[in-house]
Amino acid sequence: MTGTTTADAVRYLRRRTVGRAANSYRRWIGRAVGWWTILYLIFWLVVFAIAGVETLAPLASFLPSPVGILAALASVVLLATLAGGRSPTLTLDRRDLYRLGLAPQQPWRVLRWRYSVKQAGAAVAGLLAGAVWSLLTPALFGFQAWYAAPALALLALVLLDLRWLRYAGHAHHGEHPARGAANRDSLVIGGVLLVALVAVGVFHFTAATVPEALALIQPLAGLTENSPWVLSLPLLALLNTQLAVRSSLRNEWPPRFGPQSLVLSQMQALRASQVLILMAGIGGGGMGLGGLSDDGERRRLLDALHDRPGATKPRRSLPLPPSHAPQWQALAWRTASALYRRPLVRLGFTLLLALLAVVAALAASGLAPAIATTPETPVPTGSTAGMLGGALGVLLAALFLARSASGLLGPYFDIGVRPVDPLTRSFGRALPAMTLLVVLLLPATVLLTSLGGAGAPPLGELLPFIVGAASLIGLVVLALEKYSSWSGAAASRIEPQLVAAMLAALPALLLGAFGMGDWTLITQFLLLGLVAIIPV
Amino acid sequence: MSANSSRQQASGSGHAKEAPPIQTEELRVSLGGVNIVEDVTFVLKRGELALLTGPNGAGKSTLLRALVGLLPSRGEIALFGRPNGGMSARERFVFVPDEPALYEDLTLREHARFNALVYSEPDADERAIAWLEELGLGEKLDEFPGTHSRGMRQKLSLGLALALERPLTLLDEPFNGLDVEAQEQLADALRARASAGGAVLLTGHQKELADRLKPRHLELRNGLLHG
């Protein structure tokens with residue numbers, strides 16, 4: 001092209017789109033939050049930070065040298081980076097992928113802007129962490145490390161590059177030269193850093209003296225030494241990783257980069273929409289907000305990303321409900337199917353979490369003290385205000401239950417224009433979770449009584465506590481479903497879980513405070529009935 | 001239509017001039033353990049206009065995406081005798097996806113300029129504008145495409161592709177969302193492109209397409225290619 005280069009196209013695009021997007025974002029933030037509010041928050045953040053620094057006083061006896069711990073932690077991070085790399089650290093969105101990724105443009109030129117943004121984020125995180133470290137070290141460890149900020153920023157950039165190189169090594173097939181080069185570069189550079197870190201750790205833990213040269217040029221020297229030389233190794237490593245990254249994107253995209261970009265950008269869009277909608281303060285199930293954070297959809301996208309079974313065909317299926325089955329049965333089947341189709345390990349983890357939540361509910365119902373009683377100290381009456389600190393214990397158990405139940409409610413179901421009433425929806429969605437949790441009461445009781453050691457009391461004595469736990473389970477699950485559907489906030493978020501837990505703990509809290517603990521169980525059942533019939 | 005009469009250029013070396021635009025050997029694409037396309041072997045020659053049909057889910061879009069390197073595949077794919085993911089192959093084709101991939105913050109006119117810059121074809125800017133005017137978007141050139149209908153966005157996407165002088169054009173369901181007049185214009189343009197020596201491969205399942213384009217007919221059924 002006369003007078004132009006291929007870089008002109010990317011520059012032309014970024015000049016227009018980035019500026020316009022930034023302007024829109026600025027305007028939107030101004031309207032949704034308000035810039036004066038943000039400035040006010042920043043002002044106080046700075047004031048608090050300065051006040052915090054000023055209150056720092058040196059310890060009477062300094063903490064032991066952190067060199068060994070830091071080297072061990074950094075080695076683990078580096079090893080994890082070198083062992084990982086199955087998915088890309090950054091992606092192109094759909095438009096860039098079709099308009100630039102398939103065009104005769106050098107991949108590095110196309111990716112450079114996004115890579116720079118990612119680098120800026122990593123560098124800022126490194127600078128901040130390093131700055132905090134520099135401020136803390138004189139007071140905690142008795143040494144100065146004023147180069148920690150640039151050193152950590154450089155190391156964060158190196159880590160980012162190494163992640164990309166590992167990905168490039170994985171993503172190219174067979175004997176592709178780009179695969180070999182990316183693998184070689186990442187392993188050589190990462191290997192050198194790892195050997196240096198391990199050497200420092202070994203010297204430190206064997207109480208040997210770290211040679212002065214190594215102390216100054218080891219990767220984490222910036223955190224413990226106060227010399228510009230500490231930047232030499234991170235700088236050298238960054239120079240090499242940058243050259244390697246550019247070389248890995250000289251001519252071809254890694255073959256899986258395109259499809260992975262499509263999936264990851266879709267997931268990113270889901271998250272971004274959710275954040276934007278929440279920031280704008282738009283609630284309500286009608287927005288289908290809960291659907292945006294549908295865990296099943298996210299899981300399917302991840303399966304597609306890693307080309308795993310489950311993305312195109314279900315792993316396993318439950319029998320279909322009969323065609324004349326009532327609506328609640330269809331909804332319960334949908335929820336149960338979503339649970340049943342999870343990978344086995346994840347399903348096992350979900351069940352374990354549910355079992356622990358039920359144990360917590362039983363403990364909160366007073367079962368544990370019941371086991372611990374002797375004939376001289378009679379079993380307290382069944383009420384959900386047992387061990388774990390009375391009402392606070394009930395609240396914690398309910399929160400744990402809500403956390404567990406959030407993974408059991410299945411996909412969000414916006415009734416919208418469908419001929420389904422809220423009661424049917426709640427019952428259908430909550431039934432599998434309630435059934436599972438109540439069924440788990442038996443093994444949970446066995447578990448808890450076996451922990452007691454002195455032999456389990458007869459079933460008749462345990463029954464009030466089991467009933468108390470069952471009512472707590474029902475209340476938490478139903479409240480979580482109702483609030484999540486009404487507010488539009490996904491059940492996996494902390495807000496609906498907190499609301500459900502607080503509501504469930506309310507009888508124990510209030511009646512306990514007025515010395516009417518014996519009424520807790522019956523009040524819980526009444527509240528359960530009330531929540532069940534609320535038409536939201 | 002001035003843009004319609006654009007000549008097709010086969011840029012590149014002599015090797016690229018001799019090799020067919022598309023050549024696949026036992027091409028297989030599987031997603032999540034399911035084979036979508038199986039053992040597809042075919043050649044698309046210069047000057048050929050091929051219509052790839054098949055029922056929904058037959059794998060038409062998957063095959064097209066694999067050809068341009070957007071999906072990992074097994075077997076051999078060569079575009080003009082070169083590996084499909086490389087720069088030398090990307091210099092020779094233009095791909096139109098089924099859903100228009102447009103920048104919401106670039107106007108139609110800016111899209112045309114950007115398109116010309118990306119493909120290093122200065123004249124493609126004017127040709128794209130001519131195409132967009134011909135397709136009825138002349139008064140929308142300084143608007144963002146975000147508020148436009150599906151059909152208008154599709155016209156923009158097609159106008160940008162047709163403005164480029166690439167020896168191979170791949171289009172995924174290009175007639176979807178177009179009004180009758182635009183369908184006629186597109187069919188004429190694709191036929192002209194093929195008769196000028198370019199190769200065109202498009203997907204679709206309308207029977208009238210075959211009558212209108214008189215293409216070489218390829219049918220994908222259960223992942224296997226017939227025709």
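A: One thing to keep in mind is that this is a predicted model. Let's start with Leu135(A), which lies in helix 5 (residues 107–140) of chain A.

Q: Let's go to helix packing. At what angle do helix 3 and helix 7 of chain A pack?
A: Helix 3 (residues 67–83) and helix 7 (residues 177–205) of chain A pack at about 155 degrees, and their axes are 8 Å apart. That angle makes helix 3 of chain A roughly antiparallel to helix 7 of chain A, because angles over 145 degrees count that way.

Q: Is the crossing of helix 3 and helix 7 of chain A left-handed or right-handed?
A: The crossing of those two helices of chain A is left-handed.

Q: Which residues meet there, on helix 3 and helix 7 of chain A?
A: Helix 3 of chain A brings residues including Gly68(A), Ala71(A), Ser75(A) and Leu78(A), and helix 7 of chain A brings residues including Gly190(A), Leu194(A), Leu197(A) and Gly201(A). By class, the contact of helix 3 with helix 7 of chain A has 14 nonpolar residues, 7 polar and no charged.

Q: Nice. Now the partner: how many residues of chain A are in contact with chain B?
A: 37 residues of chain A are in contact with 30 residues of chain B. Helix 1 (6–32), helix 4 (94–101), helix 10 (257–279) and helix 12 (295–305) of chain A each supply at least two residues of the side that touches chain B.

Q: Which of those gives the most?
A: Helix 1 of chain A does, with 9 residues. The side of chain A that touches chain B is made up of 16 nonpolar, 9 polar and 12 charged residues.

Q: On to chain B. How many helices and strands are there?
A: Chain B has 8 helices and 10 strands. Of its 227 residues, 52% are buried.

Q: What's the strand order in the open sheet of chain B?
A: The order is 2-1-4-5, with antiparallel pairing among the 4 strands. Strand 2 (34–44) and strand 5 (82–83) of chain B stand at the edges with a single partner strand each, so one side of each has no neighbour in the sheet.

Q: Over how many bridges do strand 1 and strand 2 of chain B pair?
A: Strand 1 (residues 22–31) and strand 2 of chain B pair over 7 bridges, in the antiparallel sense. Gln23(B), for one, stands opposite Val43(B) in strand 2 of chain B.

Q: And what about strand 3 of chain B, how many of its residues are buried?
A: 5 of the 5 residues in strand 3 (residues 49–53) of chain B are buried. One side has Leu49(B), Leu51(B) and Thr53(B), and the other has Ala50(B) and Leu52(B).

Q: Which strands does strand 3 of chain B pair with?
A: Strand 3 of chain B pairs in the parallel sense with strand 8 (residues 199–203) of chain B over 4 bridges, and 4 bridges join strand 3 to strand 9 (residues 216–221) of chain B, also parallel. The bridge partner of Leu51(B) in strand 8 of chain B is Leu202(B), while Ala50(B) has Arg216(B) as its bridge partner in strand 9 of chain B.

Conventions
Residues numbered from 1 in each chain as written. Chains lettered and ligands numbered in written order. Predicted model: local features only at pLDDT ≥ 70, side-chain atom pairs only at ≥ 80, totals over all residues. Axes fitted to C-alpha atoms, helices over the stretch in contact; angles between N-to-C directions. Parallel < 35°, antiparallel > 145°, perpendicular 65-115°, else oblique. Left-handed = near helix turned anticlockwise from the far one by under 90°. Contact = placed C-beta atoms within 7 Å. Nonpolar A, V, L, I, M, F, W, Y, C, P; charged D, E, K, R; others polar. Pairing = 2+ DSSP bridges. Buried ≥ 20, exposed ≤ 12 C-beta atoms within 10 Å, placed from the backbone.
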